[in-house]
Amino acid sequence: MTLVAGLRAAAYGVPFQPVGGVHGSDLAALNGWQKVKDPYGSGKEVYVIPAISPDVAVIHANEVDEHGNARVLGSPFWDHPLTRAAKRVLVTAERLVPSDALAAQPELTLVPGFMVEAAAVVPRGAWPGSMHPLYEVDYPAVEAYLRDEEGALEAHLGSAPEAKRDD
Amino acid sequence: MTNDWTPFSHIVVNLARQIRPGEIAFSGVNSTLAMLACLLAKRAYDFHFTYLNVAGGVEPVPRTIPHSSSDPALVAGSPAIFGNEDFYDLCARGGLDLVFLGCAQVDGEGRTNVSVIGEWKNPKVRLPGGGGAAVMMPTAKRVVTWRTEHSTRTLVEKLDFVTAAGNLQTVVTPIAVFQKRAGRLALEFWNPQVALDEVARRTGFRFDASGARPAAPISTRERAALESLDPQGEFAAAIRP
């Protein structure tokens, strides 16, 4: 959540973002987080997290159009603050759709095309993770990837959907 | 009624028993046992509470029980998506009554370590991190944690690192339930399959055991709910005594 506070600071265009909690945690000293006293006189002290602006955000979307407008179904997790905080936004998407399909329900578009630098159509691009509502987590693939043995990473990369495509 | 607790049932059922009527309860990432506890409470108890989870689910009715507590299967049947930004903000403004937060170590004051074993700069084990615990533990009204290993290296007098401190109220293990009283964890219940002095021997922090009682047996409905959530015993098999 402190990470998101940093992303929000960047998204809001301010140098830091107040965040609830953190009191009593060694993470504050470790990261050099400062506390400020409420300037409006409540007496409360609040931690402030410095802005974090990623050079590039890459998000995976359900649908994208030729302008980069990207629709995400299901929980957006951190896609919203991430795309607003980053200097550049790249999108991968399950499929390309005509713009009027997105315009029919614009509230489902998570990031508008003017913010997106490039997009690629990558079916099953969230593998071995899930993509609501198209496919679920591939637990056997995750477990195979976690094995601490020679060749596990290569086998994982070789079994990715994009590695198995012919085109 | 015999006390036939298993390590698995002792943790899940005693976690579920912390949920109170009308509460808004939340389970996060890497928290399969807490997820099962919330789903068990929905099936075994008659009172209403609101279950939120890290997948964005609000009162979900999952068709299958996922291995991961952040699986989007936990949004199935949910009438709303209440995603990461929303539930963290709800917690920060005091709107989460009960939050289940995992830990690697917990100390006698109910502070937790999810960051590192050993020194930060020279770690023996680098842990995955708090995932918001430092924000949630001081701001949630009540926090419950659990450990599948009850030992002097998990329940410690002194943490290697304080990831989160604040409103931790309850610690549940395969053999014990601790509740915070006057700023210290005190023994509330122990699993009657072990002796009380075994709990003391396997706990690294000093604790008050006055008033401690054997845990009440698992009820018929709790047992039925647990079996419905884990019909093949897969989750139970993952918890070793």
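Mentor: Let us begin with B:G211, which is exposed, with 10 other C-beta atoms within 10 Å. This is a predicted model, in which local features need pLDDT of at least 70, side-chain atom pairs count only at pLDDT 80 or more, and totals for chains, interfaces and linings use all residues. Residues are numbered from 1 along each chain as its sequence is written, while chains are lettered from A and ligands numbered from 1 in the order in which they are written.

Trainee: Why is B:G211 called exposed?

Mentor: A residue is exposed if 12 or fewer other C-beta atoms, placed from the backbone, lie within 10 Å of its own, buried if 20 or more do, and partly exposed in between. B:G211 has 10, so it is exposed. B:G211 lies in the loop between α5 (196–201) and β13 (213–214) of chain B; helices (H or I, at least four residues) and strands (E, at least two) are DSSP runs, numbered from the N terminus.

Trainee: What makes helix α1 (residues 2–12) of chain A largely enclosed by the rest of the structure?

Mentor: Nine of its 11 residues are buried, so helix α1 of chain A is largely enclosed. Among them are A:V4, A:L7 and A:R8. The cover includes β1 (16–19), β3 (45–50) and α3 (79–85) of chain A, together with α3 (84–92) and α4 (133–139) of chain B.

Trainee: How many residues of chain A are in contact with chain B?

Mentor: 25 residues of chain A are in contact (C-beta atoms, placed from the backbone, within 7 Å) with 29 residues of chain B. Elements of chain A giving two or more residues to that side are α1, α2 (27–31) and α3.

Technical notes
Contact = placed C-beta atoms within 7 Å.
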